[in-house]
Amino acid sequence: MAGPHDSAPKKTKVLLIDDNALTRSVLRAILRDEGYTEIREAKDAEVGFKLVQHFAPDLVCLDIQMPGKSGLVLLNELQIYAPGTGVLMITASDDRETIEASLRGGADGYILKPFNAATVLKTVAEVLAKRR
């Protein structure tokens, strides 16, 4: 029987959508350290949506607050156009209303900034396990 740390991360495709380059960099480093190698990035919702169509990620880490189209709007689009994709919202605010709105909108969970690597990896693993 395969264990939780077998080659699953290596085959998992992750898309990071956040307007902050440092946020993307930190998340990418956390995921790479755990063995995730198929990681793509987008700095806004428009580019992110195009990448979802071409890259077909297993998981999208999606910032809630972005200039232009918000993460909540993109989340709604992903529910329609990529319903099998896991979505984790990224937020610096632990505002209950925003978090609940994203969960009602179909997000599988959320990650709070600043990131705790162990929490990020645990949350990612839980979403992926639920989606398999």
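Biologist: Which residue with a positive phi follows H5?
Modeller: That's Gly-106, with phi near 115°. Keep in mind that this is a predicted model.

Biologist: Okay, staying with H5, which of its residues are buried?
Modeller: H5 covers residues 96-104, and its buried residues are Thr-98, Ile-99 and Ser-102. Seen down the helix axis, these fall within an arc of 95°, so they line one face of H5.

Biologist: Which exposed residues are on the face turned away from the buried side?
Modeller: On that face H5 carries Glu-97 and Arg-104.

Biologist: Let's zoom out. How many helices and strands are there in the protein?
Modeller: The protein has 6 helices and 5 strands. Along the sequence they follow the pattern α-β-α-β-α-β-α-β-α-β-α.

Biologist: What about contacts between residues at least 6 apart in sequence?
Modeller: Among those, 65% join residues at least 24 apart.

Biologist: Nice. How does the radius of gyration look for 132 residues?
Modeller: It is 14 Å, which agrees with the value near 14 Å for a compact globule of that length. Of the 132 residues, 43% count as buried.

Biologist: Last one: how many positive and negative side chains are there?
Modeller: There are 17 positive and 18 negative ones, and the centres of the two sets lie 5 Å apart.

Key:
Residues are numbered from 1 along each chain as its sequence is written. This is a predicted model: local features need pLDDT of at least 70, side-chain atom pairs count only at pLDDT 80 or more; totals for chains, interfaces and linings use all residues. Side-chain values use heavy atoms; hydrogens and water are left out. Buried means under 20% relative accessible area, exposed over 50%, partly exposed in between (1.4 Å probe, protein chains only). Helices (H or I, at least four residues) and strands (E, at least two) are DSSP runs, numbered from the N terminus. The arc is that of the directions from the helix axis to the C-beta atoms. The radius of gyration is taken over C-alpha atoms; the globule rule is 2.2 Å times the number of residues to the power 0.38. Contact means heavy atoms within 4.5 Å. Lys and Arg count as positive and Asp and Glu as negative; His and the chain ends are not counted. The place of a charge is taken as NZ of Lys, CZ of Arg, CG of Asp or CD of Glu.
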